[in-house]
Amino acid sequence: MSPLPAQAAPNRTVVVAGGTSDSHTWNLVFLQLLLEELGFEVVNLGPCVPTELLVDECLARRPALLVVSSVNGHGYQDGIRMIGKLRERAELDSVPAVIGGKLGISGAQSTEQLAELAAAGYDAVFDDGAEGIASFRRLLDSLPQRVLT
């Protein structure tokens with residue numbers, strides 16, 4: 001009897017990035033720690049991420065998930081630009097991408113603006129409230145599980 005073929009472990013890499021104009025880091029550290037606690041390998045690109053760097057890293061790593069986080073209130077504007085460049089690349093069309101945090105400077109974004117982020121290419125949009133965090137955790141739970149050896 002021959003041994004069963006080894007199953008390839010699913011990609012458990014998550015790329016975390018701040019918006020192009022967002023210099024905050026605590027949100028990115030929090031996300032990194034949360035994701036690592038859940039068994040993901042995290043590539044934290046840090047704050048003020050140039051869109052070209054984001055695209056290059058996603059091309060190189062083909063992550064299981066891209067997370068864009070905003071604290072400064074310009075997440076909507078930064079996010080639209082970032083996802084547009086990412087989705088221009090056919091090779092990155094299937095990379096799941098989410099955005100969350102403080103997406104607008106005047107509080108919660110309108111339903112139309114949230115829909116625009118989704119239409120631009122984000123698979124999910126999370127606000128900075130408690131429900132946004134709970135929804136993000138549910139999304140993480142739905143990603144492929146690591147194969148234990």
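This is a predicted model: local features need pLDDT of at least 70, side-chain atom pairs count only at pLDDT 80 or more; totals for chains, interfaces and linings use all residues.

User: Good to know. How many helices and strands does the protein chain have?

Analyst: The protein chain has 5 helices and 5 strands. Going along the sequence, the pattern reads β-α-β-α-β-α-β-α-β-α.

User: And what share of the residues is buried?

Analyst: Buried residues account for 44% of the 149 residues in the protein chain.

User: What about contacts across the sequence, how many join residues at least 24 apart?

Analyst: If you take the contacts between residues at least 6 apart in sequence, 80% of them join residues at least 24 apart.

User: OK, on to helices. How do helix 2 and helix 3 cross?

Analyst: Helix 2 covers residues 51-61 and helix 3 covers residues 75-87; their axes come within 9 Å and cross at roughly 40 degrees. That angle is why helix 2 counts as oblique to helix 3, since angles under 35 degrees would be called roughly parallel.

User: Is that crossing left-handed or right-handed?

Analyst: The crossing of helix 2 and helix 3 is right-handed.

User: Which residues make the contact?

Analyst: From helix 2 you have Thr51, Leu54, Val55 and Cys58, and from helix 3 there are Arg81, Met82, Lys85 and Leu86. By type, the residues in this contact split into 5 nonpolar, 1 polar and 2 charged.

User: Switching to charges. How many salt bridges are there?

Analyst: The structure has 5 salt bridges. One of them pairs Glu57 with Arg61, with 2.7 Å between the closest N and O atoms.

User: How far apart are Glu57 and Arg61 in helix 2?

Analyst: They sit 4 residues apart in helix 2, so about one helical turn separates Glu57 from Arg61.

User: And Glu57, buried or exposed?

Analyst: Glu57 is buried, because its relative accessible area is 18% and the cut-off for buried is under 20%.

User: Lys85 came up in the helix contact. Which residue does it form a salt bridge with?

Analyst: Lys85 pairs with Glu88, at 3.9 Å from N to O. Lys85 is partly exposed at 43% relative accessible area, while Glu88 is exposed at 58%.

User: What's the N to O distance for Arg89 and Glu91?

Analyst: The side chains of Arg89 and Glu91 meet in a salt bridge at 2.9 Å, N to O. Arg89 is partly exposed, with a relative accessible area of 34%, and Glu91 is partly exposed too, with 35%.

User: Last topic, Leu65. Where is it?

Analyst: Leu65 is in strand 3, which covers residues 65-70. Its relative accessible area is 1%, so Leu65 is buried.

User: Which residues is Leu65 in contact with, leaving aside neighbours within four places in sequence?

Analyst: Leu65 is in contact with Thr13, Val14 and Val15, with Pro96, Ala97 and Val98, and with Phe136, Leu139, Leu140 and Leu143.

User: And how far is Leu65 from Ser94 in space?

Analyst: Leu65 and Ser94 are 9.8 Å apart, C-alpha to C-alpha, and 29 residues apart in sequence.

How values were computed
Residues are numbered from 1 along each chain as its sequence is written. Side-chain values use heavy atoms; hydrogens and water are left out. Axes are lines fitted to C-alpha atoms, for helices over the stretch in contact, and angles run from 0 to 180 degrees between N-to-C directions. Helices (H or I, at least four residues) and strands (E, at least two) are DSSP runs, numbered from the N terminus. Angles under 35 degrees count as roughly parallel, over 145 as roughly antiparallel, 65 to 115 as roughly perpendicular and the rest as oblique. A crossing is left-handed if the near helix is turned anticlockwise from the far one by less than a right angle, and right-handed if clockwise. Contact means heavy atoms within 4.5 Å. Ala, Val, Leu, Ile, Met, Phe, Trp, Tyr, Cys and Pro count as nonpolar, Asp, Glu, Lys and Arg as charged, and the others, Gly among them, as polar. A salt bridge is a side-chain nitrogen of Lys or Arg within 4 Å of a carboxyl oxygen of Asp or Glu. Buried means under 20% relative accessible area, exposed over 50%, partly exposed in between (1.4 Å probe, protein chains only).
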